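Open the model in your viewer and keep the selection tool ready. This tour goes from stop to stop, saying what to select and what is there.

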Amino acid sequence: MGESVPTLSYGSWPSPVDAALAAAHDGRPDDVGFVGDETWWTAPRPTEGGRRTLVRRQADGTEEPVLPAPWNVRSRVIEYGGRPWGAVTTDAGPLVVFVNFADQRLYAFTPGGGEPRPLTPLSGVGGGLRWIEPDPRPERGEVWCVLEEFTGEGPTDVRRVLVAVPLDGSAADDRSAVRELTPERHRFVTGPRLSPDGRRAAWLAWDHPRMPWDGTELIVAEVGPEGAFQDARTVAGGPEESIAQADWAPDGTLLYASDRTGWWNLYRDGQPLCVREEEFGGPLWKLGQRWFAPLDSGLIAVLHGRGAAVLGILDPETGDVVDAAGPWTEFAPTLAAHGERVAGVGAGAHSGYEVVELDARTGRARVVGAPHEDAVDPAYYPRPRVRTFTGPGGREIHAHLYPPHHPDCRAPEGELPPYVIWAHGGPTSRSPLVLDLEIAYFTSRGIGVAEVNYGGSSGHGREYRNRLREQWGVVDVEDCAAVALALAEEGTADRERLAVRGGSAGGWTSAASLAGTDVYACGTISYPILDLTGWGTGETHDFESQYLESLIGPYAEVPDRYTERSPAEHAGSVTAPFLLLQGLDDVICPPVQCERFLERMAGRGVPHAYLTFEGEGHGFRRAETMVRALEAELSLYAQAFGLTPPGVPTLELTR
């Protein structure tokens, strides 16, 4: 006779996936690149104040952190940052240039050759001087990059331009020593990509009120003898055509990913290479993201797919794509190539993100860095399902379902589980189908999770993205509710024990869902947007300062819509308990948004908690913050749903 499986109510299952374990595995490797024959990347360090370090994989296969604490390799350009480092090999070893988060200066160093030395000055004006996508050019004695320069104290008093910074350190205290490569023509620019012969440079640009997934321009300029960019001209893109990335092939042709057909597909000198209703690009939230990388052979490493992005090799002559074999079902947009070697960051439904190398000659793929290691018995991992639901008007809604799962527990017969609807941020983004110990934290305790890639999410073509145009706070709320109610109607979830949670734009959707529907018994709202009028008129950063022009509508034409949609204006409609989480250093969704919402909730008797975290910005990076936030969220659900999770501190709710 085998041991009987204990019967315990959903939400009370004991789990080895505690909040500390989930926090320790938060974040992923990123910003992959080759330095000579070595593979380098940035890596999170949640237990070291949430910094990111630079890691190299040496010839013997060992990983070595390149920069000790407190160095933090991360840029604040457009606040979301992007590629913060670049390197080349020299006779003295690798020459590395990186952005340090604390002061946002560019630094140069050679590993083993002393402390990093500053290349750029500080500025006391506004947000100062910031840099991104550094590309060292030792033959010119410079590093080329993007400069973000504040010209006043306001968040939109800023200019961005392509520049050359001297490598000799002469600009460390002298802004005038930084050479501008182009005149200031556009509000936003990406770093320049130099053609193989060094005679042309290409970059992307766009202007308010467009976001880069709405429309960008691909610009090409001649590089003069002194390194100045001349005769700049637009060769592709426009207000309704988004170029996500551009690069040069070894033969000097220009490759780029454009959504002119409704899907981001690849083009070479304007001619399509592989016409498919799939995405070969994505929303440019960070400067330097790379969905493709040209190889010396003429082949192209690509990320492609509908929903999930997988790694493949495209033959531009035939249009055929051969996908890499392996367990990775999702890749991050951070490809790099060296000869016929391709490096990327991949993950799967049962494994976290790891650095993967593909040999395009043999087709062999292997893990070369940050290998996934099971922190607990994989039997406790969730077992996700890809689902498509039907929303209002018969529209499709894409979602990932993570039912409660525990190898040694079962619920009483007839009991239905509680479910939490997860709304991702962005909102022009999506939830990837990868192992996430935050999800396992809930599912292994008997709480289901449904990630909803609501209308407006990326990965399903421009038409799906455009569903949210002027419909933010409507389509996203409706789609999340439709999934929640469908789960209850089909008998998957308990109708009385549904919750909603999200951060940033997902926090907006969560708050709007609590204010505008009666679907949920409670909700978790993290670093949210709550007041559109305030957020859209000076309470956020420059990059998203006019995002609402497309998500809500032009403020000058529909000011009342900004009021009508804002959860802060409908605080009186919120009756369900909620948890509000906020970083005090957040300049994207500042604390004033939460404070204004809570002022309007005062005296209404709705149980809630407001937790703030010093030193945290937009999204939490410190282990202690993530532990506190997760445990508080679980306690909220326990109190709202009548659960008894063991070993979880009780969150004090006020009224």
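**Stop 1**

Select Arg268 first: Gln271 in strand 21 stands opposite Arg268. Strands here are DSSP runs of E with at least two residues, helices are runs of H or I with at least four, and both are numbered from the N terminus. This is a predicted model, where local features need pLDDT of at least 70 and side-chain atom pairs count only at pLDDT 80 or more, while totals for chains, interfaces and linings use all residues. Residues are numbered from 1 along each chain as its sequence is written, and side-chain values use heavy atoms, with hydrogens and water left out.

Now show residues 265-268, which are strand 20. Strand 20 pairs with strand 21 in the antiparallel sense over 2 bridges. Two strands count as paired if DSSP finds at least two bridges between them. Widen the view to the open sheet: 4 strands in the order 18-19-20-21, with antiparallel pairing. Strand 18 (243-248) and strand 21 (271-272) are at the edges, each with a single partner strand, so one side of each has no neighbour in the sheet.

**Stop 1**

Select residues 129-137, strand 9. 8 of its 9 residues are buried, so strand 9 is largely enclosed by the rest of the structure. Buried means under 20% relative accessible area, exposed means over 50%, and partly exposed lies in between (1.4 Å probe, protein chains only).

Click Leu129: its bridge partner in strand 10 is Glu149.

**Stop 2: salt bridges**

How many salt bridges does the structure hold? There are 46. Each is a side-chain nitrogen of Lys or Arg within 4 Å of a carboxyl oxygen of Asp or Glu.

Pick Arg137 and Glu139. They form a salt bridge, with the closest N and O atoms 3.7 Å apart. Arg137 is buried at 17% relative accessibility, whereas Glu139 is exposed at 57%.

Next, select Arg56 and Glu64, whose side chains meet in a salt bridge at 4.0 Å, N to O. Arg56 is buried at 12% relative accessibility. Glu64 is partly exposed, at 33%.

Move on to Arg596 and Glu539, where the N to O distance in the salt bridge is 2.6 Å. This pair links distant parts of the chain, 57 residues apart: Arg596 is in helix 9 (residues 591-601), and Glu539 is in the loop between helix 6 (532-535) and helix 7 (548-551). Arg596 is buried, with 17% relative accessibility.

Then select Arg76, Glu79, Arg130, Glu148, Arg160, Arg187 and Asp542 together. Salt bridges link them in a network.

**Stop 3: a charged patch**

Which residues gather in a patch of negative charge on the surface? Select Glu373, Asp374, Asp377 and Asp408. Patch residues have over 30% relative accessible area and no salt bridge, and like charges are joined within 9 Å. Zoom in on Asp374, in the loop between strand 30 (365-369) and strand 31 (385-390). Asp374 is partly exposed at 42% relative accessibility.

**Stop 5**

Finish at Ala177, in the loop between strand 11 (158-166) and strand 12 (179-180). Ala177 is partly exposed, with a relative accessible area of 25%. Draw a distance to Leu487, 310 residues away along the chain: the C-alpha atoms are separated by 61 Å.

Definitions and conventions: Patch = residues over 30% accessible without salt bridge, like charges linked within 9 Å, V, L, I, M, F, W, Y side chains within 5 Å. Areas by Shrake-Rupley, 256 points an atom, 1.4 Å probe, with all protein chains shown as cover. Lys, Arg positive; Asp, Glu negative; His and termini not counted. Charge placed at Lys NZ, Arg CZ, Asp CG, Glu CD.
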